[in-house]
Amino acid sequence: MALVVTLCIIVLVTIAVVAFFSRATANRGVESSRVNQILVDQLATTATDYVASQFLGEIADPANSTPFTATGSSPIYQPKESPAGSGKYPSMLPDGSKRPSFATAGSNFENLLRQSVSSSDPNASGVSTSQPARTGRTITPARWDAPKLTSAGFTSAQLPAWIYVQRDGNFTATPTAMDDANPTVGRFAYNAYDLGGLLDVNVVGYPTTLTGNSVLEIKPSLAGLDVTNISPSLGITIDQLVAWRNPTSGNYTALVRNQASQGFLTPLAGDQLVPTRQDLIQLAGANKGIPASALPGLTHFSRAVNAPSAPAVSASNLVNPFLANLRVTTAFTRRDGTEARVGDLLLNRRFPLRKLDLLTATATAASGSDIERYFGLTRSNPGDSWTYRGGAISILTLDQVAAAGRDPDFFELLKAGVADGSVGKPATFKTLAANGNQALEGDNDLQILRIGANLIDQWDNDNLPTRIASGSATQIGVEDLPYLYMVMVANCWQSTPLPAPPNSYNVQYALVLAPKLFNPHGNSTVANSPDATLNPQNIRIRMSGFFGPTSFSNYNSSGSASPLNLTAPTNVGTLPAIEIPRSSFEFFRSAVRVPQGATGQIKSQISWWNQADPSCGFVLYQRTSDLLGITLTGGSPQGWFAFLNASGMMMVAEYQSSSGQWVVYDSLAGNADLPDTTGITATNTENWSTGVTNFTIANGTKSLPGTSQHFITKWDPRSNRWGPSHGWGTGPDDNPSTNSDPIVRRTLPFDPPETNTTLGMYPERSGSLPSPDKVVPGLDNISRPNDAWRGNLSQKPNPFRRMSDMNRRPTILQRPFRSVAEMGYAFRDTPWQTLSFFDQTSGDATLLDLFSLEDEPGLTAGKLNLNVAGPSVLTALFSNVPKAADGTGATLANPAGLAANLAAFRTAEGGALVSRSRLAAFLSSSSLTQENAENVKSRREAIVRAVADVADTRTWNLLVDVIAQSGRFPADGGTAAGDFVVEAEQRVWSSVAIDRYLGRVVARQTERVSE
């Protein structure tokens, strides 16, 4: 019995020992597998870092970039021009020479950027992943096509090769066996794809029920892209996709606005995003509106750095610097509550134009308010002018802002974005404007303030000109109102036969200073609001200063003149104002006109001064005289001449607010803030002579003045820049083509419609003009075309070749912008020029890079890298884009042709646009075919409006597809591909965003791939 027990114990112990060793053996296998899995996970992660570092190394390469460093901060890598001085920046994109030879544009592999092959990666072996390991494991072409970023897959000859990893962490093309001092412990291979030109499925498209202005309001984002216009079609059923993605969206336009302010990164409650590439692939098979064939054109991951990066206008320019390298030099708390540390980027986000919503007609602002922090403006009462920076006489440069320790305001960014040499051009020659006005013309910062005021008035929905006080001057924005264009010194008369003696007449005579008004704008895009607080109730024209001395002569039938010893009033400031009711404002849009009274027969010329109707001019003198027994010889003329010396004459236009307050919005002869005595001065003008000639008293009828009438005119009714000019003759009438007087035609700033005569833009008062087909060059000596440029400067730019063509006229939007490029509608305070995104001479193109439409975060989704976007996507961007501001009428012709034009321009730029600002140059490049090269600036710029907001150029978006294997080459074998023992395998897709200027990864998303 004891023996039996003993034997049982021995059996039990044996079983226990065997069980122990069996379990230990099993655990060893499990632990080994777990260790191998940890190792391969680390290897896969390290591999994605390695691939990203290859691209970062290209950026930091001195051949590609000039690094700028600052204390305590990372370097900024400014792309180098190649060749130097060419303005071409091929290194804005990853090195194209390392792209696989079979991955050409328009091919199956156009998204493929890089592979682990020896031609592009020195660590890549010659061993293709298609070659089997010792156990027969291989990576097939079908497996490499798993991301679905090709349209037809790979062949065995197009697969990446292995990179070997040694124990010490080095990567090599040469493997080593286990008995080597530094053996191979794993290997990996990769494909890297470019996602920058793909459509983000989380943003793109809108429901087909959305139409009209609702679509136009979201057009600046990918949400406004009409996917049905993508050719060849991606086959997306957009209503199905939107119903799945945004089931609770309600107002889709409001949803997009909200999402844009979140950078399209945070869905609303109830909405959903596609989080990974694998989810996107699964979605394509789930009947959610996305066919599998669309996957090569779609991405779930897109990131863009929302910060400006345009290069400096010149290397030494402190006003227009290299935007990406502006650093914080004094720490401060930003407007968004984050801390700006010394060395950080000063411009870490674009300025959101949506903040213009703050500047309503009734808004007030104290120091520390949002309005003051974003715009530098304060005021205590709605009817007051805004005050800029407490009345500062200058706008700071961005370097000075950094030293002040705060974010730059709206006007400081305008100053940085508008070429310094393109503003502040004073009158070069003698003009009728006083010296004080010429000094104001030459102040660059005052012109920037005026541009800012004009932008505010384009955006807001009121018709009340914005007034901004800086120092002793006030800059006034432009609204949809009649403006003082000129003033005529007219003789108005009529004769009536007397019953006796024969040849006797009663002659009534008046000398009248008649203002002529003009609203140069096309039809307003928004009707005047019925809200009385948003519109002027009336306007009036008022005189100030002095006008004299004046002398009169009698011009008799023999042609001799004799003084009449009459004196006109010298203080015209006492004359009553001319009031024009709101109901008559439209009268001045169609032509340049004198105010028309209720009973007078006054049209474009003054034929008679009706004392009972003082609404068309300022009466300087009136006389009634009986001429008795006059004998005429051969119908010779007779009349009066008046000789005037305008001393300190100033004429202002004022609007009446709903509270009854009269507010100056325009002036003639100089800035309205100049003292009365510095308008037109005796030292700046000759006598004006005006007379009545070439009439026959015997006919007893009214007659127009003769050719000796004087007038002064502004170059542009909206501006006093370069002072008024003067001429003499019959003066302009409703149809300039009927006026043949060469002085008048040379002086007036519009073309007779049927001729090619000049836009008289040079600021001269008299004498011969320079070449009549040129515009005034800026201080930088660049001649920038005016708004109706028709191909080249020799074709006489002119907005009024057809006075009735409202498409050629300037536009007042009176609504928020629908694109950052709609800043181009704002008057530049240079005659007949708006802010330009129009051609290579643009002084304003950098504004496209400095500003965004919405208040976006520093990193956003839903943008497109214009440097890699393909023809089908570009075609969709240019589709259904209206040329007119109101969204009606013709759209851009041949979107596919435009897409090809932009692609050709990229090639001409060295393969890449350095920033969004280069879109302006595209509009005058030889790459743009004439089919869309509109003659009228505002319509031509529809091309820029179509792409500016969605455009990104500085961020590289990649998907790195890595397959990693841990394993070894046994000591008893060789190091050929078939000798590698695979111990674990892991596949990782890493979506990576790299800032081209910071030279670092700014966003990453890694997903382990289940196969």
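Which residues does Gln656 touch, not counting residues up to four places away in sequence? Gln656 touches Pro536, Gln537, Asn538, Gln661 and Trp662, where contact means heavy atoms within 4.5 Å. The views below show a predicted model, in which local features need pLDDT of at least 70 and side-chain atom pairs count only at pLDDT 80 or more, while totals for chains, interfaces and linings use all residues. Residues are numbered from 1 along each chain as its sequence is written, and side-chain values use heavy atoms, with hydrogens and water left out.

**Figure 1. The protein chain as a whole.** The protein chain contains 18 helices and 38 strands; helices (H or I, at least four residues) and strands (E, at least two) are DSSP runs numbered from the N terminus. Of its 1011 residues, 58% count as buried. Buried means under 20% relative accessible area, exposed over 50%, and partly exposed in between (1.4 Å probe, protein chains only). Among contacts in the protein chain with a separation of 6 or more, 68% come from residues 24 or more positions apart.

**Figure 2. Gln656 in strand S25.** Gln656 belongs to strand S25, which covers residues 650-656. With a relative accessible area of 18%, Gln656 is buried. Its side chain and that of Asn538 are joined by a polar contact of 2.7 Å. A polar contact is a pair of N or O atoms within 3.5 Å; within protein, one must be able to donate a hydrogen and the other to accept it, and residues adjacent in sequence count only if both atoms are side-chain atoms.

**Figure 3. Thr841 in a loop.** Thr841 is located in the loop between strand S31 (833-834) and helix H13 (847-850). This residue counts as buried because its relative accessibility is 17%. The side chains of Thr841 and Asp839 form a polar contact (2.8 Å). Apart from neighbours within four places in sequence, Thr841 is in contact with Ile782, Ser783, Arg784 and Pro785. Thr841 and Arg784 are 57 residues apart along the chain, and their C-alpha atoms are separated by 5.9 Å.

Figure 4. Helix H9 spans residues 410-417 and is mostly covered, with eight of its eight residues buried. The buried residues include Phe410, Phe411, Glu412 and Lys415.

Figure 5. The loop between strand S7 (199-200) and helix H3 (212-218) holds Asn202. Asn202 counts as buried, at 10% relative accessibility. A polar atom of its side chain lies 2.5 Å from the backbone nitrogen of Val274. When neighbours within four places in sequence are left aside, Asn202 is in contact with Arg245, Leu273, Val274 and His300.

**Figure 6. The second largest pocket.** About 960 Å³ of space lies in the second largest pocket. On a 1 Å grid over the protein atoms alone, a pocket is an open set of points where a 1.4 Å probe fits, with protein on both sides within 12 Å along at least five of seven lines; lining residues have an atom within 4 Å of a point. Of the 40 lining residues, Ala310, Pro311, Ala312, Val313 and Ser314 are the closest to the centre of the pocket.

Conventions. Points joined across faces, edges and corners; volume = space filled by probe spheres on them.
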